[in-house]
Amino acid sequence: MGLNGVMAAFVLPQPGLFALGTPIQTFLELDLLDPALETAHVLQTVQEMVGGVKTGQGCNVSVGIRPSLWRKVRPDACPDDVDDYDEAVVGDDGFSMPATQHDLVVWIAGGRQDSVFDEGERALTSLAGIARLAHENKGWNYHGNVDLTGFIDGTENPSIAEAASICLVPADEKGAGSSVLLLQEWRHDLAAWVGAGVEVQERAIGRTKSDNVELDPKPAGAHNARTDQDTVGKILRKNIPIGGVSDPGTLFIGLAAKQQTLQVMLERMAGQNGEPRDDLTRYTTANTGAYYVLPAAEALTSPA
């Protein structure tokens, strides 16, 4: 089935979810000024911000909303099986991926830093009456799709023709056309990573570094074993490098139709229930963790 046939089975998503050629990205996470704000006012303000995006500006602007908040704003358009990231994911050995849930996220992606900056500034100005900026991450491109660890990222990603069926809630389900976003900031200890040597790195990733060939067998604690999509389910990863030489990292951007797929992946990475911990996490630390619903375009722009 071609792309048109796949998309026909889904309500149209926000266009930025599948944008290509957008190496400059900014994620703005915001908290409501007053949790008791009228949901209609929140939706109206977000709609006004989204409505100001111009196609000629060369930027994609997508909006995500905390699951419990979206359920209040549009209970008819929120998937039933999605919840806030309100508890840390902790492994058997105490390794933890923290919960830093916020109310809104504005995801801006484009090909130029100036246009992404301008859209970010406009978004904050538009939302200033209801929300304050809590956390910002700016991403960039590193040698195509190479992670700062030196390995190719997103090897198991679906093709663009398959992405909708993996990322979007189907048309016959509640929340049709929406996607669940897992957003995590990871910071790398590159000195320890480089010092470990290529052989150790390859066992931690589960692939060769020079030609991206999967190890056979994969070590039980390898990153590609703990996040094996044939086991946990399919997702779309749109990770980007963040930081500079003094604070390098990766912003994990995971999209799925079902939150459970993303949650199981985190639990496997943490090493729960006697399972091994992801060896990559011995060289990188999760500083943030949040889930957001990225509503379908129509649900986001229509009245509550």
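Student: What volume does the second largest pocket have?
Tutor: About 230 Å³ of space lies in the second largest pocket. This is a predicted model, where local features need pLDDT of at least 70, side-chain atom pairs need 80 or more, and totals for chains, interfaces and linings use all residues. Residues are numbered from 1 along each chain as its sequence is written, and side-chain values use heavy atoms, without hydrogens or water.

Student: And what's a pocket here?
Tutor: On a 1 Å grid over the protein atoms alone, a pocket is an open set of points with protein on both sides within 12 Å along at least five of seven lines, while a cavity is a set where a 1.4 Å probe fits but cannot get out; lining residues have an atom within 4 Å of a point. Grid points are joined across faces, edges and corners, and a volume is the space filled by probe spheres set on the points.

Student: Which residues lie nearest the centre of the second largest pocket?
Tutor: Pro15, Gly16, Val50, Val53 and Val61, out of 13 lining residues. Strand E2 (59-65) and helix H11 (297-301) each supply at least two residues of that lining. Helices (H or I, at least four residues) and strands (E, at least two) are DSSP runs, numbered from the N terminus.

Student: OK, what about the largest pocket, how much space lies in it?
Tutor: About 560 Å³. The lining has 29 residues, and Asn145, Asn157, Arg237, Lys238 and Asn239 are the closest to the centre.

Student: How does that lining divide up by class?
Tutor: For the largest pocket, 14 are nonpolar, 11 polar and 4 charged. Ala, Val, Leu, Ile, Met, Phe, Trp, Tyr, Cys and Pro count as nonpolar, Asp, Glu, Lys and Arg as charged, and the others, Gly among them, as polar.

Student: How many cavities of 30 Å³ or more are there?
Tutor: The count comes to 1, and the largest cavity has a volume of about 470 Å³. Of its 27 lining residues, Asp153, His223, Arg237, Asn239 and Leu280 are the closest to the centre.

Student: Which element gives the most to that cavity's lining?
Tutor: E7, with 3 residues.

Student: Switching topic: which residues make the contact of H2 with H4?
Tutor: Thr45, Val46 and Met49 of H2 and Arg122, Ala123, Ser126 and Leu127 of H4, with contact meaning heavy atoms within 4.5 Å. They divide into 4 nonpolar, 2 polar and 1 charged.
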